[in-house]
Each structure stands twice: as structure tokens, then as C-alpha cells.
Amino acid sequence: MTKMQPHAHSHGDHAHASPEEGGCRHAHDHRAHAAEALARAEQVCRERGLRLTPIRAKALQALHADHRPVGAYDLADRISPAGGRRLAPISIYRALDFLVEQGFVHRLSSRNAYVACLHGHGAGDVVAFLICEACGGVDEDSSPAMKQAVAAIAQSRQFAPSHQVVEIVGRCEHCRNLQS
């Protein structure tokens, strides 16, 4: 089995001790990279001649504020104006579609929810999500070895993938250590 370490990335922000104190890596990694990822999204949109509209930007910021996958309706509640009307679901889905298409956000099919991407993937990259069933944190990983393995499987079956995502559910290191 191939180790997926070369491009490991994590998402999250929940109340545990820092990694240095033996705590959860989700929060630390997310705080360390969220601002950079948001700035990169703005830059990429400028370079591509696209507009990061206020709804798209708010949706992306809200997804970066949480390590757990967020559903579209929950996202609508989070970014709708306080005391105002809730944003229409179609507006949220359009914003999410744009963010996914641009590689700023990933959709987790098993959760029917979305997570912010802290880094840029190529369109054909294979991405694995390690989803903690205890804290809900999501770590993201991509490696050339994993891409090659998935490509070999698809080729041996003469299968043409259009979306390459692997979702692995279990317990993160921090939650496993809490059980001990």
C-alpha cells in the first residue's frame, strides 16, 4: 500500500488542544491556511476573469469557518443577513456549483455537504477525504501514487471517470487518543 503523505491537507476548527499539546490537527491546519486559501480564490478568479460575487465569497468564508461538512440549507442560514430573509436555496446552490467548479470547495457525496479546500487541485486530481465519525473533522489528501492507482483501476476496466473522490470514514488521531 502506498503512503499518501506528500500532499496531506486538513480542514477544521473545533475546540481541542493544539497539535503541540496533543490536540486535534483539524483546527490548527485550518487556521494556518484559511486566509491564504481565500486570497488564492480571489486571485484565481481575477486571473480567470471570473467574479467572486458577495454570495460566493460569503459561502466560501463560511465553509472555511467550519471543519465539518456543511449542507446547502445550513450554509444559507449561516450567510443570510441577520434578521433578514433567508437566501434562496437556488442562490446557494449556484454559488456552491461555482465554488466546486473552480476547485475552491469539495462536495462530499456521502454527506450531501461541502467542505472548503485549503489548496488548489488540478481538475483531474484524485482526492481522498478522511472523515472522522467522532468529531466530524475532514482531512483531505492527494498524492501522485493515489492518482496512478485509481487511473490503473479505471483503465483496466475501460472506465472513464468524470469525478475522482474517495471518502474514508473512521476516527482521527485526536479522537482515537481520547478513547485511550
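At what angle do α2 and α3 pack, and how far apart are their axes? The legends below take up that question within a predicted model, then turn to other close-ups.

**Figure 1. Helix α2 packs against helix α3.** The angle between α2 and α3 is about 105°, and their axes are 10 Å apart. The two helices are therefore roughly perpendicular, since angles of 65 to 115 degrees fall in that class. From α2, the contact draws on I55, K58, A59, A62 and L63. From α3, L75, R78 and I79 take part. By class, this contact has 6 nonpolar and 2 charged residues, with no polar ones.

**Figure 2. Helix α2 also meets helix α4.** Helix α2 covers residues 54-64, and its axis comes within 9 Å of the α4 axis. The crossing angle is roughly 75°, so α2 and α4 are roughly perpendicular to each other. On the α2 side, the contact residues are I55, R56, A59, L60 and L63. On the α4 side, they are S91, A95, L96, F98 and L99. Here the classes come to 8 nonpolar, 1 polar and 1 charged.

**Figure 3. A charged end sits over a ring: R56 and F98.** The charged end of R56 lies over the F98 ring, 3.6 Å from the ring centre.

**Figure 4. Y73 and Y93 form an aromatic pair.** The count of aromatic pairs comes to 1. In this pair, Y73 and Y93 lie 6.4 Å apart, centre to centre. Their planes are 75° apart, and the pair is edge-to-face. Why edge-to-face? Because planes over 60 degrees apart count as such. Y73 is partly exposed, at a relative accessible area of 46%. Y93 is partly exposed too, at 29%.

**Figure 5. The whole protein gives the setting for the close-ups.** The protein has 6 helices and 6 strands. Starting at the N terminus, the elements run β-α-α-α-α-β-β-β-β-α-β-α. Of its 180 residues, 38% count as buried. Among contacts with a separation of 6 or more, 56% join residues 24 or more positions apart.

Conventions. Residues numbered from 1 in each chain as written. Predicted model: local features only at pLDDT ≥ 70, side-chain atom pairs only at ≥ 80, totals over all residues. Heavy atoms only, no water. Phe/Tyr/Trp six-rings, centres within 6.5 Å; stacked < 30°, edge-to-face > 60°. Buried < 20%, exposed > 50% of the residue type's maximum accessible area, 1.4 Å probe, protein only. Lys NZ or Arg CZ within 6 Å of the ring centre and 35° of its normal. Axes fitted to C-alpha atoms, helices over the stretch in contact; angles between N-to-C directions. Helix = DSSP H or I, 4+ residues; strand = E, 2+ residues; numbered from the N terminus. Parallel < 35°, antiparallel > 145°, perpendicular 65-115°, else oblique. Contact = heavy atoms within 4.5 Å. Nonpolar A, V, L, I, M, F, W, Y, C, P; charged D, E, K, R; others polar.
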